[in-house]
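Have the model open as you read.

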Amino acid sequence: MKYNIALVKGDGIGPDIVSEAVKVLEKTGGKFSHDFVFTETLAGGAAIDEFGIPLPEDTVNTCLSSDAVLLGAVGGPRWDNIESARRPEKALLGLRSKLGLFTNLRPALIYPELSDACPLKNRAIPNGLDILVVRELTGGIYFGKRGRTEDGAYDTMSYSKAEIERVVRKAFEFARMRRRRLHSVDKANVLETSRLWREVVAEVSKDFPDVEVENLYVDNAAMQLVVNPSQFDVIVTENMFGDILSDEASMITGSIGMLGSASMGIGSFGMYEPIHGSAPDIAGKDIANPIATILSASMMLRYSFDLQKEADAIENAVKSAIHDGYRTKDIYTEGTKLVGTKAMGEAIRSYI
Ligand code: NAD
């Protein structure tokens, strides 16, 4: 089967890490007889250099006519002095809204071999950590009416039932693919949008009797993530709470170079990218960790193309490479094998 993938390599380490993910996809395609066809397109600083704007119409069209998008990262000090409307980061917001991506998936996972990187390592996390944060991405306070009054300022949080339902339904579906536990996070003791959120969760849960649901206030969720992170499987929440909690969850793993993410809309189309930025300090030096991008590619296979065996093959290859001691500089500890970006990609491919 043929799949069209738009590649937005972006800036900084973007090209280094996306190239490794592409080679991993090619190896996987060869093994399982799929044809992954890649179309490169520009966004971020690279697009500003070439066209003077961070997100050309052509890039949006290339993405829209593909089955999924794989993105590296955008931005860097070269473009820091540009006025805010034309900065590289605008490309990300533009892509999310023009591609209709209303659900953001952020897994946070600790590999036993890397548990020393966890800032909570002195407190036992006996059952490990494998959380998926599902964040609503195009509604809530970040998109509400805002402004200034004579002596103050305001931001507005509003959600329609439909906006809540579509992301909550996705979260239930993901929980069903995993350990069938869903925590819905809100602030229903204070916020009306949260009370509506809870009602919708209760309604949708009737269609998923096999998924165990629990409602949690966001302050408690932030605390529980530190106190007992293993209790979580899937967390679903609105935009701002999700922004904060997904960062908190991923930082518990201590390995920013290891975590991928997905942004999805209606149907199976999605945009996949590492959670880290363009790391301009290490760009082009063959030291960036490509695993976050490689795992983003495996999420693409799982969530957009429904290729579960193929996604498993990539995730298991990453686990094997870690298990056998391959480490890029960011996750290196004494006694392991220090490798560069390309060698890490090659090691992972060798296990597929
Ligand atoms: P960053 O994630 O790029 O880097 C933070 C630190 O982590 C740096 O020390 C970097 O070297 C390291 N790091 C990041 N990814 C790594 C990897 N794969 N392997 C090894 N080390 C890695 O965050 P920052 O420094 O705050 O931002 C740098 C630029 O990236 C800025 O221009 C920022 O706007 C942009 N940014 C882009 C995105 C995105 O495209 N999604 C996200 C965040 C930041």
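How many nonpolar, polar and charged residues does the lining of the largest cavity have? By class, there are 3 nonpolar, 2 polar and 2 charged residues (Ala, Val, Leu, Ile, Met, Phe, Trp, Tyr, Cys and Pro count as nonpolar, Asp, Glu, Lys and Arg as charged, and the others, Gly among them, as polar). This is a predicted model, where local features need pLDDT of at least 70 and side-chain atom pairs count only at pLDDT 80 or more, while totals for chains, interfaces and linings use all residues. Residues are numbered from 1 along each chain as its sequence is written, and side-chain values use heavy atoms, with hydrogens and water left out.

**The cavity**
- A search of the whole structure turns up 1 cavity of 30 Å³ or more (on a 1 Å grid over the protein atoms alone, a set of points where a 1.4 Å probe fits but cannot get out; lining residues have an atom within 4 Å of a point).
- The largest cavity holds about 30 Å³ of space, a volume being the space filled by probe spheres set on the points.
- Its lining consists of Y159, V185, D186, T193, S194, W197 and E238.
- Helix α6 (192-205) and strand β8 (181-186) each supply at least two lining residues (DSSP runs: helices are H or I, at least four residues; strands are E, at least two).
- The largest share, 3 residues, comes from α6.

- The largest pocket has a volume of about 480 Å³ (a pocket is an open set with protein on both sides within 12 Å along at least five of seven lines).
- Of its 21 lining residues, L109, D130, R178, R302 and E315 are the closest to the centre.
- This lining divides into 10 nonpolar, 4 polar and 7 charged residues.

**Helix α5 against α6**
- The axes of α5 (residues 161-177) and α6 come within 9 Å and cross at roughly 50 degrees (axes are lines fitted to C-alpha atoms, for helices over the stretch in contact, and angles run from 0 to 180 degrees between N-to-C directions).
- That angle makes α5 oblique to α6 (under 35 degrees is roughly parallel, over 145 roughly antiparallel, 65 to 115 roughly perpendicular, and the rest oblique).
- Residues making the contact (heavy atoms within 4.5 Å) include I164, V168 and F172 of α5 and T193, W197 and V201 of α6.

**Helix α1 against α9**
- Helices α1 (residues 14-32) and α9 (residues 291-304) pack at about 45 degrees, with axes 8 Å apart.
- Therefore α1 is oblique to α9.
- Among the contact residues are I17, A21 and L25 of α1 and I294 and L301 of α9.
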